[in-house]
Amino acid sequence: MKKFCMFLLAAMMILTVGCGGADQAKNERAEKGEIVISVGKYMVGEGFDPTMGWGLWGPDPFHSALMGHDEKNQLIKELATNVERSEDGLKYTFTIRDDAKFSDGQPLTAEDVVFTYETAKKAASAVDLTAMESVRALSPTQVEFKLSRPWSVFLETAASLGIVPKHAYKEGYATAPVGSGPWKVVSFQKEQQLVMEPNEYYYGEKPKLKKVTALNLGDDAVLAAAQSGQVDLVFAPPEFAKASVPNMKLVVMDTIDSFCVNMPQEPEHDENGMLVGNNVTSDPAIRQALNIGIDRKAIIENALDGFGKPTMNFAEALSWANNDLQESDNRVDEAVKILEAAGWVDTDGDGIREKNGQKAEFVINGRSNDLQRYNTAVALAQDAKKLGINIIAKSTPWSEARKIARNIPTVWAGGDYTPQVIYNYFHSSQVGVNVINNSAMYRNPTVDVHIDRALAAATDEEMLREFRAAQWDGMTGPKVDIPYLWIATVQMPYFVNNQLDLGQLRAGERGQGMGILITLDEWQWRK
């Protein structure tokens, strides 16, 4: 409690300091090569353990992975210097660099890679290693993976899992990580503050800044912090992003994340004691009418203050996204005809259509700790009224919302570097696997075949072709079935000090605000 009170006092001092003091503090930070930022809750959340999922939804400055992504989001080698894949796709052999060290100065070897992957598989958290049968070190710089089935996206998995040190991994690792990435954690107070500095043992080009302090300010304090001059970069909730802030500019980052709502394909029924399915969204006419009838631009303006791009699929920046799914929306007359032809008619004049005694009404959960997602649910509900569909938007804790998502549609942030998300979202085998995968309960044998071919593909070209066909092959698939109602590819607004150079921005993960850290190594003060 004492530590938390001290943090609150420090935050209040930041927000109430005079302009002269703010300018002086800013100049001192610039001279020292230091910055203070606030980029959402993820960066100061539960900690930084890759084996438990850290790094899957945002940049990981502290750990290196076997593979990585370049500025065009294409796979590149990171710790790996060479990768060999067997003809049957069941064995991958990585040669790793011999000059990588952890932030404590100890060398990173193949044994650390083995330990990391075995730990992550045992944890069975967000890192999907179900296809990995075994991993072993062949030498200090060579590691071999054997898979139980062909898994063409395995290299993407290798880009998502940072390597942890076997010698230093213990209880509490998440709050004091020892990685081989460009940055190291100096101090961390959960949900309050993080201080990081460059890792002097990093094998690559060293970051240009000397120190980064990340604060958890909360949405209500962000604007005041920016206007006070005591933060150098801050994620700006869209409702504040168009404000005028002295000595700061608005920077908008494109992302690979798109907001969508899962539309359960089956009517309600009990399955293993759990209520799943939805009597309204299971009707194809409801899904099709919403898909072409809503006005995505209006929803984005109302929910995100315009910081987004209309979409009917995964983000266009992803090489495996099938852009043939894009078409015009706000076609209200066509949507109404679809509904009426399917028997959805407003017989009592209350503005809500009915069919066989069932009202065209359902709940959508927005994530209570993610205002952008909740606002999207609210704006969608308002827009859908013109179709005679009554959507009830609720703000629900994520722990609860995802458990009941197969019954109550939920706003998701869909997007990832790996096309494995197509398998997770659409393959029938993923129905009921966990509370996240295939929450639309989508089953389409043709789509399954395309995904199975993609995962077993021997070449990248074949893999991409089949993954795109799984999204739409010209005859069947999500374009006509609408298992997910896609709304917007999200853009992230930030207030940035005019003198802070962020390098070459690119479309990255949203990370609820921390996505911009993808270029952190390039940031520097202009002279």
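User: What makes a residue "exposed" here?

Analyst: Exposed means over 50% relative accessible area; buried means under 20%. The model is predicted.

User: Which residues of α7 are exposed?

Analyst: K297 and N302 are exposed. Each is therefore over the 50% cut-off.

User: Which residues of α7 are called buried?

Analyst: Helix α7 covers residues 296-304. Its buried residues are R296, I299, I300, A303 and L304. Buried means under 20%, so each of these falls below that cut-off.

User: How do you know that they line one face of the helix?

Analyst: Look down the axis of α7. The buried residues fall within an arc of 100°, so they line one face. K297 and N302 are on the other side.

User: What do the buried residues of α7 pack against?

Analyst: They pack against β12 (248-262), α6 (284-293), β15 (308-310), α9 (371-384) and β21 (484-497).

User: What follows α7?

Analyst: D305 does, and its phi is positive, near 50°.

User: Which residues touch the most other members of the largest nonpolar core?

Analyst: This core has 69 residues. L66, F94, Y117, F145 and F314 touch the most other members. Helix α3 (residues 110-123) gives the largest share, six residues.

User: Where is L66 in contact with other residues?

Analyst: Its partners include F94, Y117 and F145, leaving aside residues up to four places away in sequence.

Terms used
Residues numbered from 1 in each chain as written. Predicted model: local features only at pLDDT ≥ 70, side-chain atom pairs only at ≥ 80, totals over all residues. Heavy atoms only, no water. Core = buried A, V, L, I, M, F, W, Y, C linked by side-chain atoms within 4.5 Å. Buried < 20%, exposed > 50% of the residue type's maximum accessible area, 1.4 Å probe, protein only. Helix = DSSP H or I, 4+ residues; strand = E, 2+ residues; numbered from the N terminus. Contact = heavy atoms within 4.5 Å. Arc of directions from axis to C-beta.
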